[in-house]
Amino acid sequence: MLKEEFFDSLIKTAMSAGGDYGDIFLEDRTPLVIQMEDDKIEKITTGIERGVGIRIVYDNKTAYAYTNDLTKDTLLETARSLTRAVKANAVSTPMSLEKTRPKTDFIIKQRPNNTPIADKIRLIRMANQRARAVDTRIRQVSVTYSDFVQLVTIANSGGVLIEDERVQTLMAVSVIAEEGGTIQTGYEALGGFVGFELFEENSVEDLAASAANRAILMLGARRIKGGRMPVVIASEAGGTMIHEAIGHGLEADLAGQGLSVYSNKLGAQVASASVTVIDDATLPGKRGSYRVDDEGTAAQRNILVSNGILTAYMYDKLNAIKDGVSSSGNGRRESYRSRPIPRMTNTFLAPGNADPVEILRTTNNGLFVKKMGGGQVNTVTGDFVFDVQEGYLIKNGQISDPVKGATLCGNGPEVLKAIDLIGTDMGFSIGTCGKDGQGVPVSDALPTIRIPDIVVGGEV
């Protein structure tokens with residue numbers, strides 16, 4: 001869309017009044033969303049989203065402007081508008097741009113934008129029919145398919161000029177079941193940095209059946225009695241707990257402002273010696289993956305906690321400048337309209353050496369969590385609350401009756417120090433993480449773990 005040499009003049013124009021750092025983010029995105037409800041295709045949304053964001057960092061502050069008018073004059077005027085935010089007589093030395101290629105690469109076998117919409121609608125109808133066939137108590141089924149191809153070009157004052165293509169494909173099924181005035185829901189999602197080959201490797205009918213069966217199962221579940229008890233979280237439950245209980249607190253903006261329970265704790269023990277937490281944007285096919293972040297920094301595998309010791313935070317350029325370190329490749333933005341901030345990618349608790357079957361067998365009584373729901377955390381204190389979508393009582397080391405209405409309540413550092421068994425397995429879940437009004441695709445993962453004592457919310 002823009003000639004390479006124009007990026008050089010654009011970045012130098014933006015930095016002409018000085019600044020510590022500057023960058024340009026050019027985006028061309030082609031999204032598609034198809035929604036089905038009540039056995040009908042309700043909405044098909046597609047189009048082209050194209051624009052440029054320009055930023056200057058000076059004195060640890062950010063000046064940011066964006067436009068969807070890609071004419072030369074408008075872009076140069078947008079760049080010049082930022083110079084008014086910089087103090088007079090500031091000095092900058094933007095380097096000449098040198099085009100590079102990402103070191104990480106991903107293979108897309110079947111680009112979704114080359115796949116007919118009719119094929120996508122066929123999969124949606126299959127999922128809808130399969131969910132409704134599970135039980136007559138299914139009252140509502142919603143199926144959403146989405147994909148996008150995003151082309152980005154990033155240039156910065158460090159001399160970087162790099163291009164990347166991101167491909168995301170996603171399907172989600174939401175089910176409502178009702179009996180005697182009792183309503184329960186089930187939800188399953190599938191997707192990642194992958195093309196339409198996602199559906200060659202995964203069955204949309206199995207996805208739909210899983211969501212529907214969970215809704216039906218929970219109709220017959222009894223409410224759990226709250227209290228303190230051992231909890232076993234299965235790997236298939238997903239890594240929501242890791243994402244919330246420690247992930248957000250290790251993003252450098254929150255940690256640097258003292259808004260994290262993990263602030264100023266590099267080198268300190270923040271978890272049991274068996275706990276290692278990793279954020280890795282280089283994993284093939286995962287929803288939070290990319291080749292370079294939205295500032296042009298190469299995707300990385302960052303070990304955040306190693307054997308219980310806090311070893312790193314997740315950095316973007318701005319917070320790296322503040323702390324005098326290098327970016328960890330976690331600078332992300334929702335679109336060209338948004339400034340980049342530190343964000344997670346694929347965050348997970350590394351597997352341990354315990355047999356998942358033995359973890360359950362050696363837990364006499366408690367709660368078995370098969371599927372986690374949403375959650376929230378106070379990053380300042382580390383206190384969290386998570387919903388349990390699908391849970392069962394544990395009796396004599398065996399999975400027993402299904403229960404509903406369970407929540408897990410605790411404190412991130414305390415729970416991470418309390419974990420006593422970590423399984424050899426691993427299970428990923430996907431989502432869109434919201435922060436500062438921006439949503440970005442992420443995934444998180446967990447092996448089977450046991451927390452010997454935690455507050456389970458339920459009936460009093």
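Is Arg 214 buried or exposed? At 6% relative accessibility, Arg 214 counts as buried (under 20% relative accessible area, with exposed being over 50% and partly exposed in between; 1.4 Å probe, protein chains only). Before moving on: this is a predicted model, where local features need pLDDT of at least 70 and side-chain atom pairs count only at pLDDT 80 or more, while totals for chains, interfaces and linings use all residues. Numbering starts from 1 along each chain as its sequence is written, and side-chain values use heavy atoms, leaving out hydrogens and water.

Stay on Arg 214, which lies in helix H5 (residues 204–219); helices are DSSP runs (H or I) of at least four residues and strands (E) of at least two, numbered from the N terminus. Beyond neighbours within four places in sequence, Arg 214 has contacts that include Glu 188, Lys 371 and Glu 390 (contact: heavy atoms within 4.5 Å).

Next, the rings. There are 7 aromatic pairs in the structure (Phe, Tyr or Trp rings, six-membered for Trp, with centres within 6.5 Å; planes under 30 degrees apart are stacked, over 60 edge-to-face, the rest tilted). Select Phe 106 and Phe 193: a tilted pair, 4.9 Å centre to centre with 50° between the planes. The pair links distant parts of the chain, 87 residues apart. Both Phe 106 and Phe 193 are buried.

Now pick Phe 384 and Phe 386, a stacked pair at 4.7 Å and 25°; both are buried too.

Last stop: Lys 286, whose charged end sits over the ring of Phe 428, 4.2 Å from its centre (NZ of Lys or CZ of Arg within 6 Å of the ring centre and within 35 degrees of the ring normal).
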